[in-house]
Amino acid sequence: MASTTSPVQSLITNSRFSSLYLSTNKVFLPSCQLLKNRFSPFSRSSCLAFSSLGDKKEAWVPMGMLSAKPLTFTGWNQNMRRRCQVEFPVVSAAAADADSDGLETEISEGHAKPSKSFAERFPALVTGFFFFMWYFLNVIFNILNKKVYNYFPYPYFVSVIHLVVGVGYCLVSWSVGLPKRAPIDKELLIVLTPVAFCHALGHVMSNVSFAAVAVSFTHTIKALEPFFNAAASQFVLGHQIPLSLWLSLAPVVIGVSMASLTELSFNWTGFISAMISNIAFTYRSIYSKKAMTGMDSTNVYAYISIIALFFCLPPAIFIEGPQLMQYGFRDAIAKVGLIKFLCDLFWIGMFYHLYNQLATNTLERVAPLTHAVGNVLKRVFVIGFSIVVFGNKISTQTGIGTAIAIAGVAIYSLIKANMEEQKRKAALSAAS
């Protein structure tokens, strides 16, 4: 059966664009990228393709000359003009370059767009992973930290180890450029020093409490931290605290009081240390607001850890140094062995730094309301897991008091987060 050639196909074949022909195949560039065909009057199944030019090398169009604008061929003859106007959407050479680099590209309206990363396509999944790692590392740290205190009850020295390992981690990270170290000057050092001092004091006092009482009881007392924050904002900074916030703190105070009265591991050292920790972290928050800089949170936390280490060294040396040298190290090594002792100290320091860093990175990804809920749930996780792992016996009143305190913290956090969100929206509205 003789094949029939349409006038249009013949005209294209005989023109100086002899490398173009009509075909029933899909449209391909040399880089195998699909093009949209606007040439629909002939047939739905007809597409345009580039064929090999053979020996006519002068017929090639350099890729650098291609653009994303439609390439229009008109005026070949009147028959062609009567049938339609043919447009060839030509993809920019950037698409071919992207393919050569192994990157996926998305073609839309003749443009090559790089595909989204995994974090951009699944932000909720990535944020959930951050929360999971934050909780997981926090629970592991609290459990391992308490186990170390069971055979090595020297919280000042252990606090120093936490910071030493964290500072070492920061230095290694800076050396490989993850992240790039931000420069620090004298003014920034002066601004960060009060923050670091409060961080060091709160950290050491928390560890003193962990060593003295059950982990669950320390975290129950530390649930009072919002109360101290509100009091400092009202009486130190002069900020007016709404009545609803004060009322939401009542269950926290009542719950902690109930839990403390019947806590089997209660002692004044653990209780007072946890309360001092609350005050220290409250003032850390106050000074942090005054020390807001353009530096990223990872570098800020690294510098705070380095400065805090210098504050933690003197009490560890003068309070626990003589005991450690006489029998502290010797007894610990005799109980668990040198290798396990060193490994335990290293890992509690690493978990301490990582969970704090993960907490900072996680809270940067979410809204204040999610931040508040996450903080409350973290404390619930730590209290629950510590009771299960260590088998701490708690009375019914202690359990009820702990639940009331956590519920009060949740209510306070939700109200405070909503207030902060309203302030942020009002500021944006005023700016616009």
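Q: What percentage of the residues in the protein is buried?
A: A residue counts as buried when its relative accessible area is under 20%. In this predicted model, buried residues account for 41% of the 432 residues.

Q: How many helices and strands make up the secondary structure?
A: The protein has 15 helices and six strands. As for contacts between residues at least 6 apart in sequence, 78% of them join residues at least 24 apart.

Q: At what angle do helix H7 and helix H12 pack?
A: A helix pair may be read from its angle, its axis distance and its handedness. Helix H7 (residues 186–212) packs against helix H12 (residues 297–336) at about 65°, and the axes are 8 Å apart. The crossing of H7 past H12 is right-handed.

Q: Which residues make the contact?
A: From H7 come Leu189, Leu192, Thr193, Val195, Ala196, Phe197, His199, Ala200 and Val204. H12 contributes Val300, Tyr301, Tyr303, Ile304, Ile307, Ala308, Phe311 and Cys312.

Q: How is a pair of aromatic rings described?
A: Such a pair is described by the distance of the ring centres and the angle of the planes. The structure holds 26 aromatic pairs. One of them joins Trp174 and Tyr303, with 5.2 Å from centre to centre and 45° between the planes, a tilted arrangement. Trp174 lies in helix H6 (residues 155–175) and Tyr303 in helix H12, so that this pair links distant parts of the chain, 129 residues apart. Trp174 and Tyr303 are both buried.

Q: Why is the pair of Phe266 and Phe271 tilted?
A: Planes under 30 degrees apart count as stacked and those over 60 as edge-to-face, with the rest tilted. The planes of Phe266 and Phe271 stand at 50°, so the pair is tilted; the ring centres are 5.8 Å apart.

Q: Are Phe266 and Phe271 buried or partly exposed?
A: Phe266 is partly exposed, because its relative accessible area is 28%. Phe271 is buried, because its relative accessible area is 18%, and buried means under 20%.

Q: Which residues do ring pairs link into a cluster?
A: Ring pairs may also join into a group. Here Tyr151, Phe152, Tyr154, Phe157, Phe329 and Phe341 are linked in this way.

Technical notes. Residues numbered from 1 in each chain as written. Predicted model: local features only at pLDDT ≥ 70, side-chain atom pairs only at ≥ 80, totals over all residues. Heavy atoms only, no water. Axes fitted to C-alpha atoms, helices over the stretch in contact; angles between N-to-C directions. Helix = DSSP H or I, 4+ residues; strand = E, 2+ residues; numbered from the N terminus. Left-handed = near helix turned anticlockwise from the far one by under 90°. Contact = heavy atoms within 4.5 Å. Buried < 20%, exposed > 50% of the residue type's maximum accessible area, 1.4 Å probe, protein only. Phe/Tyr/Trp six-rings, centres within 6.5 Å; stacked < 30°, edge-to-face > 60°.
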